[in-house]
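Please look over the sequence and the model below. A short report on the fold follows.

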Amino acid sequence: QVQLVESGGGLVQAGGSLKLSCAASGRTFSRYAMGWFRQAPGKEREFVAALNWEGGNIYYLDSVKGRFTISRDNAKNTVYLQMNSLKPEDTAVYYCAAEDGEYSDYPPVLSIGYDYWGQGTQVSVSS
């Protein structure tokens with residue numbers, strides 16, 4: 001069983017930046033693909049970014065390309081989401097997720113592909 005704990009959310013003005021962190025328990029973190037998803041009020045959960053076990057394959061939602069950066073530190077069992085040039089439409093609860101693909105090269109972009117989820121952290125961007 002893997003536990004994921006997100007942190008780093010908050011309230012920021014449009015154009016500002018936040019860095020989310022997701023700390024994972026367990027000794028097998030390095031073999032997992034990791035993803036970030038978000039869910040705004042009244043909307044379905046959507047994919048934001050994902051990377052494979054060693055960070056070589058990375059995918060982004062088109063609307064965040066060039067603004068968000070996903071990364072991981074396997075020595076610290078942590079995945080990050082650096083968010084720059086934030087917009088009001090980025091307001092949502094952000095969730096990290098882990099897929100135990102056993103060193104799979106291709107991280108899932110659908111939520112159904114993930115095995116473990118964090119509780120989420122709120123990101124609010126004011127205009």
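Which residue stands opposite Val79 in E8? Cys22 does. This is a predicted model, in which residues are numbered from 1 along each chain as its sequence is written, local features need pLDDT of at least 70, and side-chain atom pairs count only at pLDDT 80 or more. Totals for chains, interfaces and linings use all residues, while side-chain values use heavy atoms, with hydrogens and water left out.

**The open sheet**

An open sheet is formed by 4 strands, in the order E1-E3-E8-E7. Its pairing is antiparallel. Strands (E, at least two residues) are DSSP runs, numbered from the N terminus. Two strands pair if DSSP finds at least two bridges between them. Strand E1 (4-7) and strand E7 (68-73) stand at the edges. Each has a single partner strand, so one side of each is left without a neighbour in the sheet. On average, neighbouring strands of this sheet are turned by 15° against each other, direction ignored. The axes behind this angle are lines fitted to C-alpha atoms, and angles run from 0 to 180 degrees between N-to-C directions.

Strands of a sheet pair through backbone hydrogen bonds, either parallel or antiparallel. Here, 4 bridges join E1 to E3. Val5 stands opposite Ala23 in E3. Strand E3 (residues 18-24) is joined to strand E8 (residues 78-83) by 6 bridges. Leu20 has Leu81 in E8 as its bridge partner. E7 and E8 are also joined by 6 bridges. There, Thr69 stands opposite Gln82 in E8. E7 and E8 form a hairpin with 4 residues between them. Asn77 in the turn has a positive phi of about 55°.

E8 is mostly covered, with 5 of its 6 residues buried. Buried means under 20% relative accessible area, exposed over 50%, and partly exposed in between (1.4 Å probe, protein chains only). In E1 the side chains alternate. Leu4 and Glu6 point to one face and are buried.

**A salt-bridge network**

How many salt bridges does the structure hold? There are 5. A salt bridge is a side-chain nitrogen of Lys or Arg within 4 Å of a carboxyl oxygen of Asp or Glu.

| Residue | Partner | N to O distance |
|---|---|---|
| Arg38 | Glu46 | 2.6 Å |
| Asp90 | Arg38 | 3.0 Å |
| Asp90 | Arg67 | 2.8 Å |

Asp90 lies in the loop between E8 and E9, and Arg38 in strand E4 (residues 33-39), so the pair ties together parts that are 52 residues apart in sequence. Asp90 also forms a salt bridge with Arg67. That pair links distant parts of the chain, with Arg67 in the loop between strand E6 (58-60) and E7, 23 residues apart from Asp90. Salt bridges that share partners join Arg38, Glu46, Arg67 and Asp90 into one network.

Are these residues buried or exposed? Arg38 is buried, because its relative accessible area is 6%. Asp90 is buried too, at 1% relative accessibility. Arg67 is buried as well, at 10%. Glu46 is partly exposed, with a relative accessible area of 32%.

Glu99 is found in strand E9 (residues 92-99). Why does Glu99 count as buried? Its relative accessibility is 14%, and buried means under 20%. Glu99 touches Arg31, Tyr32, Ala33, Ser104, Pro108, Gly113, Tyr114 and Asp115, not counting residues up to four places away in sequence. Contact means heavy atoms within 4.5 Å. Glu99 and Leu4 are 95 residues apart in sequence. In space they are 12 Å apart, C-alpha to C-alpha.

**A nonpolar surface patch**

Val109, Leu110 and Ile112 form a nonpolar patch on the surface. Together they have about 330 Å² of accessible area. Such areas come from the Shrake-Rupley method with a 1.4 Å probe, and for residues only the protein chains shown count as cover. Patches are made of residues with over 30% relative accessible area and no salt bridge; like charges are joined within 9 Å, nonpolar side chains (Val, Leu, Ile, Met, Phe, Trp, Tyr) within 5 Å. Ile112 sits in the loop between E9 and strand E10 (116-117). Ile112 is exposed, with a relative accessible area of 76%.
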